[in-house]
Amino acid sequence: MNKTIHAFDNHCSEAAIDRDAELYRSVFENTGTGTIIIDREMTILQANARFVEMTGYENHNAIEHKMKWTQFVAPADLDRMQQYHYGRRITPDAIPTEYECRVINRNGQILYITLKVGMIPGTDLSIASFMDITEHKQAEEALRRSEARLSAIIETFDGLIYITDADYRLEFMNPTLIRRTGGERMGGYCYHVVHGQDGPCPHCRLEAVLSGRTIRDEIQSPLDGNWYATVKTPLSDRNGNIVRIQTILMDITERKQAEEALTSENKRLRTAFRERFRFGRLIGKSPTMQGVYERILKAADSEAPVIVTGESGTGKELVSREIHDTGSRSHGPFIPVNCGAISEGLFESEFFGYKKGAFTGANTDTPGYFDAADGGTLFLDEIGEIPLSMQIKLLRAIDGGGYTPVGSNMPCFSDIRIIAATNRDLKSLVADGAMRTDFFYRVHIIPIHLPPLRERTEDIPLLIEHFLALQSAPETRREISGHLLDAFLRYDWPGNVRELQNLLYRYCAVGGDEIIDALIPDAVPVSLQPRLPVPEVSGETLYAVIDRVEKELITRTLDQYRWNRTQTATVLGMNRKTLFTKMKKHGIE
């Protein structure tokens, strides 16, 4: 009986040991960390699956080959690990139980680990647990490098940087700002420390930034009078709440001064243009022409399409050339195209070019107007003559969709600016279905209207002087008599400036009042006697004589019609607005 009880006790003890061993193995394998058991000589006696996964060394290989723990410790950490290993067995209280080190896996990759080591009670064995913190370490290192770069930028940044809380109190100042203010002023109000104000600055817009907006502005500091470009950015805490504001100020005083100087210069130039009698190849001092000069300047500053309108002979191509020559494309070609002279069947080949063999007679590859105008300006004169079938193709090319030469299937692209001109009413063409609405709006971005010569008669003397100077040297130049000038001023000029130019060329070539009488018989009375006595011109310039005669004629006519301005304007062949302008000019009240 006693033997039976003893045998039963032994069996129960063995079962308990087995259960404890199984529990131990389960804990050993499922710690969530790489775990090994090491003997005094640093030999690995046992390793779990996580250790195998981390290092790449098979468990049975490590044990069978009696692998040393120090074999996969990074050389830089080896001495320290050996000191800890042996010291733990002599003076365990003097050795840390948790620390970091680096290990090298089977592929040669360095891993950063957190290591926890303890002695197994009653033995000379130690148990070590590894946790891979490589990604964390890499993130820390990347953050450290980023902070170092940011710190270097902040240290060398010439502008001012500061961070405030929602109550305007300073929490950070960069070195430049610290030097400017004479020391760190953390906790002070930014409006006082930075801007020398007793209350929040009018340009601050604190609430807008705290709502999540980044605010960019240009301000003039009341403290030093300098101009600054400011960028205010919201900063969030870990919960995503906006709690701070970062402000960057960059001194732009020199740029501002340059801009102000440029603005002043532009104003001076515009004033000079108003006082000048010409703009490039355009002649005229009248208010209407001064307005044209202004619009040319604005068009030259843009890349948008321009439409120049006006009667035939008013100088639409000259205006287009001035826009081109004044703008950023002046280095490129100016290609004029008379759309009214192109047959409908040739539009595509003329504009887009064609390939060899595209049609009978196409013996070589030939570029079109779009190719020729690349980098410059394409001037479309008489744009109202372009057929509907071509308008849609031009629209695509102008909008950047490219064009295809005749006989090719490869699209081409040209960098061009479109300036168009017409003497027709394009809106009527749209209403009649002769022009596409989208094509009209695409080319009708910047309109410039040229007045007919009859609406700017004050420019006629300037034009006469200009054209006569082109025809002959000063010593042989023909002069215009008073009664001929009177005829010129009263003539309607249906052909506008071009007609005046041709007439003067004929006058220089043939001479004599008869030529003028033959060309503009309705302008001169049959007797060729002027209505007013021919004035004495001794010691006076041509312009002074013209102004004096014009003033006397207007005054006499006003007196004759009892100052009825409508009748006076009708008799003098001008509209009421022109009459009022001339009365103001001559001080007639």
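The largest cavity in this predicted model has a volume of about 80 Å³. Here a cavity is a set of points, on a 1 Å grid over the protein atoms alone, where a 1.4 Å probe fits but cannot get out; grid points are joined across faces, edges and corners, and a volume is the space filled by probe spheres set on the points. The lining (residues with an atom within 4 Å of a point) consists of Lys285, Thr457, Glu458, Pro461, Leu489, Tyr543, Ile546, Asp547, Glu550 and Lys585. By class, these are 4 nonpolar, 1 polar and 5 charged residues, where Ala, Val, Leu, Ile, Met, Phe, Trp, Tyr, Cys and Pro count as nonpolar, Asp, Glu, Lys and Arg as charged, and the others, Gly among them, as polar. Helix α21 (residues 542–560) gives the most to this lining, with 4 residues; helices (H or I, at least four residues) and strands (E, at least two) are DSSP runs, numbered from the N terminus. Because domain 4 (454–519) and domain 5 (542–586) both give residues to the lining, the largest cavity lies between them, with domain bounds taken from an automatic or database domain assignment. Across the whole structure, the search finds 6 cavities of 30 Å³ or more.

Residues are numbered from 1 along each chain as its sequence is written. Local features need pLDDT of at least 70, side-chain atom pairs count only at pLDDT 80 or more, totals for chains, interfaces and linings use all residues, and side-chain values use heavy atoms, with hydrogens and water left out.

Turning to open space, a pocket is an open set of points with protein on both sides within 12 Å along at least five of seven lines. The second largest pocket has a volume of about 540 Å³. Of its 26 lining residues, Gly313, Thr314, Gly315, Leu318 and Arg498 lie nearest the centre. At least three lining residues come from each of domain 3 (282–451) and domain 4 (454–519).

Within domain 5 (542–586), helix α22 (residues 565–572) packs against helix α23 (residues 576–586) at an angle of about 100 degrees, with axes 9 Å apart. Axes are lines fitted to C-alpha atoms, for helices over the stretch in contact, and angles run from 0 to 180 degrees between N-to-C directions. The angle therefore makes α22 roughly perpendicular to α23 (65 to 115 degrees). In this contact (heavy atoms within 4.5 Å), α22 supplies Arg565, Thr566, Thr568, Ala569 and Leu572, while α23 supplies Arg576, Leu579, Phe580 and Met583.

Technical notes:
Parallel < 35°, antiparallel > 145°, perpendicular 65-115°, else oblique.
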